[in-house]
Amino acid sequence: MISKKLAIEVLNEALATGADYAEIFYEDSDARGISIENGKVDTSSSSAATGVGLRLLKENQCVYGYTTDLTKKGLLALASSLNKSFHGERVLTVTKLDMVKVKNRNPIKRSYHDVSREEIIGLLRQGVDAINELKDPRIVRHICSFGYNHRGVAVYNSKEKWFKRETEFARMNFFVIAADQTGFETGHEGPGTQSDISFFKEKINIREKALKAAKVAIQTLGAVECPSGKMPVIVGNGWGGVLFHESCGHPLEASAIAKGLSCFSGKDGDLIASPIVTALDDSTIPGEWGSIDIDDEGNPGTKRVLIKNGKLVNYMIDDFNGRRMGREGNGSCRRQNYKYCPTSRMSNTYIANGKSTPEEIIAATKLGLYTKGFSGGSVDPATGEFNFGCSEAYIVRDGKICEPVKGATLIGKGFEILKNIDMIANDLEFGQGMCGAASGSIRTNVGQPTLRIKEITVGGRGGELK
Amino acid sequence: MKYDKFFELAKAAGIEEAELYVETSYALSFSLFHGEVDNYSLENGSYYVARGIINGRFGAASCDVYNAQRAKYLVDEIVANAKIIENDDPAIIFKGSEKYKKVSTFNKELASVSIDEKMKALHALEKRIRELDPRIIEVPGVEYSESSNSTTLMNSHGLKLTHKTNYFYYVGQALAKKDEQVKSGYDLYLGNDFSKFDVEDLAKKVVENTVGQLGGEACESGKYKAVLDRDVVSALMRVFVGHADAEEVQKHSSLFIGKLGQKIASKKITIEDRPLDKSLFARGFDDEGVATYNKAIVKNGVLQTYLYNLTTASKEGVQSTGNGFKAGSKIGTSTTYLCLKPGKKSLEELFQEVGNGVYITSVSGLHAGLNPQSGNFSLQAEGFLIKDGKKDHPLDIITISGNLMQVFNDVLEVGNDIKVTTSATQAESVLVKSIGVGGK
């Protein structure tokens, strides 16, 4: 950390030429990762990150810089080189810094620093053993890995506030490659948490996760190519939420909305989705992968209803983009680390439970696709055009799940797809992912119950759906 | 020397051989929105990656501030990490190649161009994008960015190598609207010689890329003869060549297993790695300190070599090909400047040869829609219909799908429209026999 006295000095240097807001983001983090490949510990690495990011705002202008020179001289030099962007008189002077109390919903009970490498390897071995016990010659390669991050952050700003925050998060990944004469296929599972190691011991079944990755890789080998064209698609729960994340989450971030650059700009209060759709971004869920107690500019994490019964009611807003919108930040300001200027981002974003059951949705579908596993996607917030890839999918015929298919990609325009959701089940689940955007790669949860889109374009190599 | 401390501590801790990789970077960027600077950023970064061998096994650690405390951290973590490694891969810290070719990727003139001049060009870019076509409804952003990087590799054998590079880019974005349809487009100029940058040329490309997509509709799903634009070829070629990574071959997960000296692509395809050519991406040595050299990976469709780092080469008793580059804390394998050898035909001649088909100009979501292991892809795409040998109307909301091996086998012609892309690749448009299109 840096002393309050130095922080005040640096903030005042930053404010010297007329900035109306200045903020120091200090970070001291470390991470460790271990991977086991085909049963043998293959890599083990450690990293430590220490640096300072300095942000200056003046009306709608943002200036950001970072340095790894944490001496007084280094920090003051950064402040004075950044303040050269403005040419006015000082409007603010910082005289004190009061500590903001942070509600800690994600306390570190047992730090990952106190978990030995041997203990981690022991847990990973459960997954390795499960895969090896299959004795399936088609599995040619498997990598089971574990990584954790410990992040210590302190923020000091010209509102004369400061706070510190410590978080830890960890993730396991099971990656399986299977091969036969037709080629290679892969399967992946990646459970993650902000809880301590007990999550991996008690909350999830490591063997099951590893076996799931193996099952998908093997099953996909024998799968036929997915048909293409427009068709009804049932999107499975959990990771299926990547659909909402891409198609609507990103366009509802203030970074897109504020400048009128989102396909949802100017639609406040409009019916933008089917009336059965209610969608939220909630960073207050204890222990969840995307939760934050306080955001990177000092606003507490909140539960925001984005779409209520189809109507657009809120956005992910940070203070800076909020200026153009005439709105205050609502706890959405995030960044990967001190190297990134923060902006509005998602946390745990999901579509709320509906009234159907997954079984009812499948039974009500005469001919279509059921997608259950997903590999991520992307979106252009301005046009709403998005894509996402499916790693596990099945044909549905006469209300029954039939043969598995591979190579399905769903594409469309978010604002059209939202209106096409015609059934939502009651089995909400989350999936853990990393989301990449302007302020870097951050952890986010996607989530949804099983739902049906009555028509969406599917890309695949299998010709017409029959 | 300030790094002596690390090597002294390493030796004292029983690390038999040690290596330190130091990267320092400086970057400046600014962007405009409605004629005003909305973002300005300045970066001064450093990054240290240390590796060491204990009992024949590697341990690694990294940090981004170096001082006595961190030197100790690096050593302690190397020791703890190396102790638990179980794989039998040979761990090698390199003594050095006989000779290194000098490459120049640093243009000291770039720093002497004033920020005002760089800013002036950015204002001009935004203005011209707005002026060039009335259908442009917004310029979401224009950005200037410059970066300079210095990397030094040193090890306990006394090897010390340094590489310096700098570059800048201008990027412009635009939104165009016709009726209810909104399309976005962008283009980018990358170089390190400021005098070569032409505002008007970039503005025209941004506008063309954006308004060109208006008025599109999806085509019927089916198989089409296709021209894949060079940007698409660049993206697919990088994943294709990834299968030449010797580690993937040794670990039984490459599509090129057993294909050395055999045909893996159309005879029109020659792909080379050209680290010593004059380019922004030139490198005289890789991240293990091995001297690089130009080489063909695929020649007239035949696989010439796998790509090796020191570890994978040692396992097969061959020499490293100078392709050992960092992938996180580990040394992986990658190319330096990947080049597809151009053919003779222009883009228009490729359209004529297609007759009726599709011209695919961009693909999105490669991380989700392309499985690098199987080579299967199904990707959101943009492009145009080709009708009677000419570019026709744009295509809206389509996917293309296929398999990488099949696509590179199906190449009938390579164009002559050379483009150097930001992903360290030179590519041209290609004509392929057949590609799956998902549309209506």
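1. In this predicted model, B:Asp88 and A:Lys40 form a salt bridge across the two chains, with their closest N and O atoms 2.8 Å apart. Between chain B and chain A the count is 11 salt bridges. Side chains of opposite charge can pair when their charged atoms come close. The polar contacts between chain B and chain A come to 45 residue pairs, with both residues at pLDDT 80 or more.

2. On the side of chain B that touches chain A, strand S2 (residues 36–54) of chain B gives the most, with 10 residues. By class, that side of chain B holds 22 nonpolar, 30 polar and 17 charged residues. The contact draws 69 residues from chain B and 69 residues from chain A. The area buried between chain B and chain A is about 5500 Å², and 48% of it lies on carbon and sulfur atoms.

3. A helix pair also spans the two chains. H3(A) and H2(B) pack with an angle of about 35° and an axis separation of 11 Å, and the crossing is right-handed. From H3(A), the residues that make the contact are A:Arg117, A:Glu118 and A:Ile121; from H2(B), they are B:Glu77, B:Ala80, B:Asn81 and B:Ile84. The classes represented in this contact are 3 nonpolar, 1 polar and 3 charged residues.

4. Helix H2 (residues 68–84) of chain B also packs against helix H1 (residues 4–12) of chain B, at an angle of about 35° and with the axes 9 Å apart. The crossing of H1(B) and H2(B) is right-handed. On the H1(B) side the contact involves B:Lys5, B:Phe6, B:Leu9 and B:Ala10, which meet B:Ala71, B:Lys72, B:Leu74, B:Val75 and B:Ile78 of H2(B). Sorted by class, the contact of H1(B) with H2(B) has 7 nonpolar and 2 charged residues, and no polar ones.

5. Over all chains, a search of the whole structure finds 62 salt bridges. Within chain A, A:Glu119 forms a salt bridge with A:Lys201, the closest N and O atoms being 2.5 Å apart. A:Glu119 belongs to helix H3 (residues 117–133) of chain A and A:Lys201 to helix H4 (residues 198–203) of chain A, so this pair ties together parts that are 82 residues apart in sequence.

6. A further local point concerns A:Ser265, which sits in the loop between helix H7 (254–257) and strand S11 (279–282) of chain A. Which residues does A:Ser265 contact, leaving aside its neighbours within four places in sequence? The contacts of A:Ser265 are with A:Ala256, A:Ile257 and A:Gly260. A:Ser265 and A:Ala254 are 11 residues apart in sequence, and their C-alpha atoms are 9.6 Å apart in space.

Note on methods. Residues numbered from 1 in each chain as written. Chains lettered and ligands numbered in written order. Predicted model: local features only at pLDDT ≥ 70, side-chain atom pairs only at ≥ 80, totals over all residues. Heavy atoms only, no water. Axes fitted to C-alpha atoms, helices over the stretch in contact; angles between N-to-C directions. Helix = DSSP H or I, 4+ residues; strand = E, 2+ residues; numbered from the N terminus. Left-handed = near helix turned anticlockwise from the far one by under 90°. Contact = heavy atoms within 4.5 Å. Nonpolar A, V, L, I, M, F, W, Y, C, P; charged D, E, K, R; others polar. Buried area = accessible area lost by both parts, 1.4 Å probe. Salt bridge = Lys/Arg side-chain N within 4 Å of Asp/Glu carboxyl O. Polar contact = N/O pair within 3.5 Å; in protein donor to acceptor, adjacent residues only side chain to side chain.
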